[in-house]
Amino acid sequence: MTWPLRALGSLLAPPQCVLCDEPGMPGPVDLCHACLADLPRAAPEGSFLADAFELVCCPWSFDFPVDALVRTLKFRGERAHARILGTLLARERWRDAAPLPHRVVPVPLHPARLRQRGFNQAAQLARFAARELALPLDQRALYRPHATREQTALGSVERAANVRHAFAAIRPLQGARVALVDDVVTTGSTVRAAAAALRAAGACAIELWVVARVPLRRVSSLGTGGVRHE
Ligand SMILES: [Zn+2]
């Protein structure tokens, strides 16, 4: 939407916080300052995924209300939440002084899953994150040649085996600096497999932008129905 149209829209329908219905901030983030400040931050990552990514930007913990925002995006198609979370994710990345990547690549869905759901939530997030930082969005860099089982019911080891060869790059990415985008990270096996496909295609630096991380206490309950988002 162009700026005059957005400004007109704000006059007709003032921004409202999607969490508390108080007046929201102007612009693409429909939250109020208080709710934004209250979003649950992820625990410091330490070395989590440091072997697979140059940089990990994962600002929030997969707890309320971030989990609710992600789930309504993913399962009810609430695309305004992609705009909010994708924009905020980009702003968090902007705080890091490291040079920005050349392109933004979402974790793809298998075509059958895409048909079923109608959209890819990671692609929606990537679109708004790329827009916020004026970076190119490359939705077709990766694809999923094989359908995989739902990760939800699997333990850590099974998850890694399930997605190990799930991804492939469509074309060479020689020398590319890539940001890989996903909604939630649990054990990291999905994004690790996607990064391996990017690296095999020649990407020289891969960073991960993901909205939320499932807290470790719940990762240890995998396979018992304790983590339900994938
Ligand atoms: Zn609020």
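How many residues of strand 7 (residues 205-213) are buried?

Reply: This is a predicted model, in which local features need pLDDT of at least 70 and side-chain atom pairs count only at pLDDT 80 or more, while totals for chains, interfaces and linings use all residues. Residues are numbered from 1 along each chain as its sequence is written, and side-chain values use heavy atoms, with hydrogens and water left out.

Of the nine residues of strand 7, nine are buried, and the strand is mostly covered. Buried means under 20% relative accessible area, exposed over 50%, and partly exposed in between, with a 1.4 Å probe and protein chains only. Strands (E, at least two residues) and helices (H or I, at least four) are DSSP runs, numbered from the N terminus.

The partners of strand 7 may now be taken in turn. Two strands pair if DSSP finds at least two bridges between them. Strand 1 (residues 55-57) runs parallel to strand 7, with three bridges between them; here Val56 lies opposite Leu208. Strand 2 (residues 60-61) is also parallel to strand 7 and is joined to it by two bridges, and Trp60 has Ala212 as its bridge partner. With strand 6 (residues 177-185), strand 7 forms eight bridges, again in the parallel sense.
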